[in-house]
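Hi,

Here is the model I promised to pass on.

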Amino acid sequence: MTNTNDPAELDEVHEADYEIESMPDETSTTDKSYSQGQLVLRRFFRHRGAMVSLTILVFITLLAFTSIGFGPIPGWWGKNHIDLYPIVEVAGAPTLTLWPFSLGEHPFGQTTIGKDYFALVMLGTQNSLAIAFTVGLAATLIGTFIGATAGYFRGLSEAFLMRVTDLFIIIPTLVLAAVLGRMAGNVGGIFALAGMLALVSWTGLARLVRGEVLSLREREFVAAARAVGTSPWRIIVRHILPNALGTIIVNATLLISSAILVETALSYLGFGVRPPNTSLGLLISENQNALSTRPWLFWWPGVFIVGIALVVNFIGDGLRDAFDPRQQMD
Amino acid sequence: MLKFIAKRLGISLAILVLGSLLLYVLVINSGDPLEDLRESNDPNRENRIRQRIENMGLNQPWYERYWDWLTGASKCLVGQCDLGTAVNGQSVNALVATAAASTLRLVVIASLAAIVIGVALGIITAIRQYSGFDYGVTLMAFMFFSLPVFWLGVLLKHYAAIEFNNWIVDAEFSWAVILGIAAVLAIVLQAAMGGDLKRRGITAGAMFGGVVAILFYFDMVTWFRHPALGIPVYILSVIGVAVLVIVMTSGFHNHRVRNAVAATAVVAIIGYVATRGFLMQGGSILLLLLLLVVAIGVAVAAGQLLGGFSRRQATFASIITSVLASLLAMADLLLSNWSQYLSEQPRPIPTIGSATPNYESTFWMMTIDALTHLVLPTVALMLISVASYTRYTRASMLDVLNQDYIRTARSKGISERKVITRHALRNSLIPLATIVAFDFAGLIGGAVITETVFGWQGMGNLFRTGLAAVDPAPVMAFYLVTGTAAVIMNMLADIAYAILDPRIAR
């Protein structure tokens, strides 16, 4: 979305188009030819917003997982989210300074009882990211399966998909997620919560995949595959789904960003991640009244939620542009 | 058409019942309803546990409990609801009555505002594709998509409400603030209007000068403490609205539409001037609704009588004019009562609740009170929907603008205004009809969060406390109200869809 403003880049883009068109004419050009996948990748790597976002996302992920460690693996940050430390600054204010850059003892400050807030925020980020990516993966798999079945075989699975979609208009996703999240809280563990969230977030993707498959199944190459006796599942997996890959990947990213928001909202309401474990939403919920007295307790988790959701959305936008061949013609 | 509606309604009702079964079973299995009692040290514990099992029917199998609820709830169809009792023995009927009104008010206002703002922004960004305005709005949309509602709500409470309440005591702008606001508005307006450099410069300059002058004037008379439109400004605004409506619908050359709209505007002005003094004394929702119906009636009459062969368009344009004029009148009445409200409530924007508790005053005071309580939750709830409506409208409008019939219309020499309003706009709104239904469900989900942040005693609160206590009755009441509202919204969207695109109904 930010790339087409630059005239130099527009030229490059048109060159790329020209290359595609000149591909069959082998005598006049020595240019390398690209497969569809390579073209998509090239367009994606040129999308400045998406690349910056990807870098930030990788940075946040590495920071969250290496700093306090993951599971039994220890990290480089010496403090943890359980112990109480002596309060360093007044009221436990952050010791982070940007210029000259120094982390200090507690870069994100301390809670009222002296816990290290950096460790808490990192743990919350870990949990939010883990849940979001699990939901994204699981919901994409479920949605693709049901959407492809509904689109290709029609009949019962299509009726099922449509009625479930109607159901989600009547019961808001967040409401169902809250009920399931409360259940998952009794089972325990963030992956139980992630599984439950995946169960409620696949419908949008399934509808889109169904629409895509509906139009693809009427195309000649599917008819050809059918004519030589290819089995339906092989047609779906080898011929149809690769053509629907753009829709699937773009919506998987959007699923991830919405999963982050749903998870944090549930934790805020008290139906998501439960103490003693923590998540970014839970941290905000616990500290929402601290905004005037200890603002850092409120700002840091919020900045991380907005940051992650924003970069994932930008990556999705970049992928959409990369997969959409019409995008370049305007 | 009727068959289509009946079929959709039948499916929706079936889904409503099925959804209730699903939700009921999930809720009663979501936790242990006796948890708080099991952990208590009350000597009376065993007795209380037995009592609660008895009250909630925990000793019955799930299908009997569900059947009990369903028979009670289905009596709503004949007007004798029985939604059961909450865990503390309160009748859910009584809880719902107060909660439903405040939540539906919030959600409906938020979704209407989101549709109007989002569609307008979407259309402008599509027309000015790849302009600075387009990029700005897109960036904002991405920001709003990524904002957690509860985080935004807390920020609004702290910065918008508390800061505004501090400011309204004096209601004074510094020069820097006046210039800053004027500069921002000028930049936004020139970006939205587009055109060549000269035109942009003129737009920006005029806007800048105008805003500075108005703000300076407001500052001098402390308008923000004693605001009012007054009759002269009202008349000018209604004339402005009428001109705008004519330009947007038919243009000035069609004298039938022009006359109908003008007649409506004149009647609206005379009517308001005549009733203003009476309305200032007090009013009621019923009276206002009655006046709105009268206004629409006048508009329909004007359209039908003066419309001639463009009767339909004349009626449509007149109705829009009369509704807008009524809204302006409402705004004038509210603004005129604002200074008195300020003297009764010195810190006008509250952060908690849906109404000031035990506040008894005139109708207009109560209305302002309800509205000031609505402002922040509505903004928090609205922004995300605005983002999605903007994106969808933009995409759909761009799609339509690239169609062949738009090129045909342009090549016939039709003015760009007509191409946009008559050929492109309507067709680009068709896909939005389906999104409205989904978005409404999303807004209700959002309302659960917003109500928690702003401490509303609404349906969301009913749901949250009910679910926390594994108490199905309030949760199901929430479901019944929001589900029915969603079915109705969906129904309206379907009907709109069928009107906009007749192929659907077949």
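Let me start with chain B, which has 18 helices and 0 strands (both are DSSP runs numbered from the N terminus, helices being H or I of at least four residues and strands E of at least two). Its radius of gyration is 26 Å, close to the 23 Å that the globule rule gives for 506 residues, so chain B is as compact as a globular protein of that length. That radius is taken over C-alpha atoms, and the rule is 2.2 Å times the number of residues to the power 0.38. Along the principal axes, the C-alpha atoms of chain B fill a box of roughly 80 × 60 × 45 Å.

A word on the source: this is a predicted model, in which local features need pLDDT of at least 70 and side-chain atom pairs count only at pLDDT 80 or more, while totals for chains, interfaces and linings use all residues. Residues are numbered from 1 along each chain as its sequence is written, and chains are lettered from A and ligands numbered from 1 in the order in which they are written.

On confidence, the predictor gives the complex an ipTM of 0.81 and a pTM of 0.81. Chain B averages a pLDDT (the predictor's confidence in each residue, from 0 to 100) of 84, and 99% of the residues score at least 70. Among the elements of chain B, the lowest mean pLDDT, 76, belongs to helix α2 (residues 35–39), and the highest, 92, to helix α15 (residues 404–411).

Of the 506 residues of chain B, 37% count as buried. By that I mean that 20 or more other C-beta atoms lie within 10 Å of the residue's own; 12 or fewer make it exposed, anything in between partly exposed, and C-beta atoms are placed from the backbone. For chain A, with 330 residues, the buried share is 45%. Chain A has 13 helices and 0 strands.

Contacts (C-beta atoms, placed from the backbone, within 7 Å) reach along the sequence in both chains. In chain B, residues 24 or more positions apart account for 74% of the contacts with a separation of 6 or more. In chain A, 69% of the contacts between residues at least 6 apart join residues at least 24 apart.

Now to where the chains meet. The contact takes 42 residues from chain B and 40 residues from chain A. On the side of chain B that touches chain A, the elements giving two or more residues are α1 (2–28), α6 (132–145), α7 (149–168), α16 (416–454), α17 and α18 (472–500) of chain B. The largest share of that side, 9 residues, comes from α16(B). Its residues divide into 29 nonpolar, 12 polar and 1 charged, where Ala, Val, Leu, Ile, Met, Phe, Trp, Tyr, Cys and Pro count as nonpolar, Asp, Glu, Lys and Arg as charged, and the others, Gly among them, as polar.

One of the buried residues is B:Asn461, which has 21 C-beta neighbours inside 10 Å. Leaving aside neighbours within four places in sequence, B:Asn461 is in contact with B:Glu451 and B:Trp456.

Just after α17(B) comes B:Val470, with a positive phi of about 50 degrees. Most residues other than glycine have a negative phi. B:Val470 sits in the loop between α17 and α18 of chain B and is buried, with 20 other C-beta atoms within 10 Å. Chain A has a positive phi of its own to look at: A:Arg154, at about 55 degrees, is not a glycine either. A:Arg154 lies in the loop between α4 (117–153) and α5 (155–170) of chain A and is partly exposed, with 14 other C-beta atoms within 10 Å.

Finally, a helix pair in chain A. Helix α8 (residues 203–216) and helix α11 (residues 245–269) of chain A pack at an angle of about 170 degrees, with their axes 10 Å apart. The axes are lines fitted to C-alpha atoms over the stretch in contact, and angles run from 0 to 180 degrees between N-to-C directions. α8(A) and α11(A) are therefore roughly antiparallel to each other (angles over 145 degrees). Among the residues that meet are A:Leu205 and A:Leu208 in α8(A) and A:Ile248 and A:Leu255 in α11(A). The residues of this contact divide into 5 nonpolar, 3 polar and 1 charged.

Best wishes

Technical notes. Contact = placed C-beta atoms within 7 Å. Parallel < 35°, antiparallel > 145°, perpendicular 65-115°, else oblique.
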